[in-house]
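Hi there,

Here is the structure I promised to pass on. Have a look, and my notes follow below.

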Amino acid sequence: MVIVVAGAPVPVPRPAMPSLAQDGAPAIKTLSLGVESVAVPSAAVKQPPSVDCRKVKCVALTFDDGPVPQTNEVLDVLRRRGARATFFVLGSQARNHPEVLRRMVAGGNAVGNHSWSHPMLSRLSLKASKSQLNATENAITAAIGPHQRLVRSPYGQDTPKVLKLVRGFGAPLILWSVDPEDWKYRNTGLVTKKVLGAVRRNSIVLLHDIHPTSRGAVAGIVDQLQAKGYVLVTVPELLGSKAKPGARIANG
Ligand code: NI
């Protein structure tokens with residue numbers, strides 16, 4: 001399918017967008033897609049595990065349910081501080097915002113699979129639940145190329161059925177150990193306080209980049225954790241070889 005897109009001799013949807021004001025001309029985007037789907041994987045593969053969480057105090061921030069265009073705010077905050085995080089994206093959102101996924105990877109962040117449309121996977125047929133993961137993985141791969149598979153089930157479901165699904169999918173199931181319930185407490189100060197009060201070494205912190213109040217908390221959380229000597233890493237960096245398919249992981 002990539003070949004079809006890259007090789008298409010006719011500038012497919014671009015003539016409809018003649019405006020110079022359009023940042024990132026569609027023509028360039030379309031053309032570069034083919035190139036990036038080759039270039040990005042090699043960049044991702046060559047990135048070494050730059051942090052050894054057996055030797056330093058690590059924390060993994062994770063962000064669910066995006067991406068949204070405003071996820072870029074979080075990426076900016078992380079980049080300026082030399083921090084990394086993991087984004088468990090919905091396929092339906094990833095399809096619409098592939099450029100945000102590319103920015104995630106460019107910043108050293110990891111991207112995981114949070115299903116296509118956020119259903120309770122335990123209630124779906126095996127076929128339907130597989131398709132939730134596969135379609136999302138396809139959207140992620142279309143944006144960033146090959147990558148390590150990570151799954152976070154919607155609502156953190158970890159029933160035997162879901163664990164079997166995730167094992168069959170070839171990914172670990174990544175849950176969390178710190179939950180400030182930021183979907184409920186739409187208050188930046190409170191979310192920040194709850195995270196800082198609960199974080200321990202190797203914590204996995206659950207946040208949602210779809211909420212402005214949560215995005216607003218990231219700078220304070222990162223600054224204060226770094227001041228305490230924590231290194232903010234991705235889930236693959238935190239877990240290393242523990243990230244085996246079918247493993248249920250809530251903490252590093
Ligand atoms: Ni979610």
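What spacing do the donors of the nickel ion follow along the chain? The spacing is D-x48-H-x3-H, where donors are N, O and S atoms within 2.8 Å of the metal (3.2 Å for Na, K and Ca), and sites may look incomplete because water is not among the atoms. Asp-65 (OD), His-114 (NE2) and His-118 (NE2) coordinate the ion at 2.0 to 2.1 Å.

Before going on: this is a predicted model, in which local features need pLDDT of at least 70 and side-chain atom pairs count only at 80 or more, while totals for chains, interfaces and linings use all residues. Residues are numbered from 1 along each chain as its sequence is written, and side-chain values use heavy atoms, leaving out hydrogens and water.

Phe-63 and Phe-87 are stacked, 5.1 Å centre to centre with 20 degrees between the planes. Because Phe-63 lies in strand β1 and Phe-87 in strand β2 (residues 86-89), the pair ties together parts 24 residues apart in sequence; strands here are DSSP runs of E, at least two residues, numbered from the N terminus. Phe-63 is buried at 1% relative accessibility, and Phe-87 at 0%.

Cheers

How values were computed
Phe/Tyr/Trp six-rings, centres within 6.5 Å; stacked < 30°, edge-to-face > 60°. Helix = DSSP H or I, 4+ residues; strand = E, 2+ residues; numbered from the N terminus. Buried < 20%, exposed > 50% of the residue type's maximum accessible area, 1.4 Å probe, protein only.
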